[in-house]
Amino acid sequence: MTNPKRGELPIVLGAKTYNGRVTIDSVLRIEQACGLSVLKIAQALSEGALTTTQIIAILTPVIRGGGNDVNEKDVGNAIWDCGLADAIKCVGEIVGVILSAGGDEGNDEGVTANP
């Protein structure tokens with residue numbers, strides 16, 4: 001079971017489902033590998049301008065963050081097997097998690113502001 005408030009999400013590439021987790025480390029790795037900020041990645045995604053290399057660079061650290069022992073080649077092969085449409089959908093979900101990250105960090109109590 002995944003907890004979206006902790007950045008956890010299923011990454012479905014064809015018949016294979018990975019546990020994924022977005023962390024600040026994975027976001028930094030994604031931005032560095034793509035040479036783009038998260039907002040620019042979101043824009044490139046909406047314009048259909050992400051390369052396959054960038055898609056792999058986005059998926060790999062998130063899949064690794066979920067506790068999976070994979071490398072870029074493994075992720076590339078999974079994308080090849082399932083097709084780019086599944087991979088692009090997963091990237092969209094990851095970007096959505098990144099843009100909505102923060103807040104209560106998965107605690108049931110939520111966040112309370114200091115008065």
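Which residues touch the most other members of the largest nonpolar core? The structure before you is a predicted model, in which local features need pLDDT of at least 70 and side-chain atom pairs count only at pLDDT 80 or more, while totals for chains, interfaces and linings use all residues. Residues are numbered from 1 along each chain as its sequence is written, and side-chain values use heavy atoms, with hydrogens and water left out.

The residues in question are I11, L13, V22, I58, L59, I63 and I94, within a core of 30 residues. A nonpolar core here is a set of buried Ala, Val, Leu, Ile, Met, Phe, Trp, Tyr and Cys residues joined through side-chain atoms within 4.5 Å. Buried means under 20% relative accessible area, exposed over 50%, and partly exposed in between, with a 1.4 Å probe and protein chains only. Two or more core residues come from each of β1, α1 (24-34), α2 (38-46), α3 (52-65), α4 (72-82) and α5 (84-99). These elements are DSSP runs numbered from the N terminus: helices are H or I of at least four residues, and strands are E of at least two. As general background, nonpolar side chains in soluble globular proteins tend to be buried together.

Contact means heavy atoms within 4.5 Å. With neighbours within four places in sequence left aside, V22 is in contact with R6, G7, L9, V27, V62, I94, V97 and I98.

Let me turn to the strands. β1 covers residues 8-13 and β2 covers residues 16-21, and the two pair in the antiparallel sense over 6 bridges. Pairing requires that DSSP find at least two bridges between the strands. I11, already named among the core residues, has Y18 in β2 as its bridge partner, and P10 stands opposite N19 in β2. The two strands form a hairpin with 2 residues between them, and G14 in that turn has a positive phi of about 70°.

Next comes helix α1. Its buried residues are S26, V27, I30 and C34. Seen down the helix axis, they fall within an arc of 100°, so they line one face of α1; the arc is that of the directions from the helix axis to the C-beta atoms. The face turned away from this buried side carries the exposed residues I24 and Q32. The cover over the buried residues includes β2, α2, α3 and α5. After the helix comes G35, with a positive phi near 70°.

Not counting residues up to four places away in sequence, S26 touches R21, P61 and V62.

What does the side chain of Q54 reach? Q54 lies in helix α3 and is buried, with a relative accessible area of 14%. Its side chain reaches the backbone nitrogen of T51 at 2.9 Å. T51 belongs to the loop between α2 and α3 and, at 39% relative accessibility, counts as partly exposed. Beyond four places in sequence, Q54 touches C34, L36 and A49. C34 and T51 are 17 residues apart along the chain, with their C-alpha atoms separated by 9.3 Å.

At the N-terminal end, N71 caps α4, with a side-chain oxygen 2.9 Å from the backbone nitrogen of K73. Just after the helix, G83 takes a positive phi of about 105°.

Finally, the cysteines. How many disulfides does the structure hold? The number is 0, where a disulfide is a pair of cysteine sulfur atoms within 2.5 Å. The sulfur of C90 is 7.3 Å from the closest cysteine sulfur, in C82, which is too far for a bond. C90 itself is buried, with a relative accessible area of 3%.

Key
A polar contact is a pair of N or O atoms within 3.5 Å; within protein, one must be able to donate a hydrogen and the other to accept it, and residues adjacent in sequence count only if both atoms are side-chain atoms.
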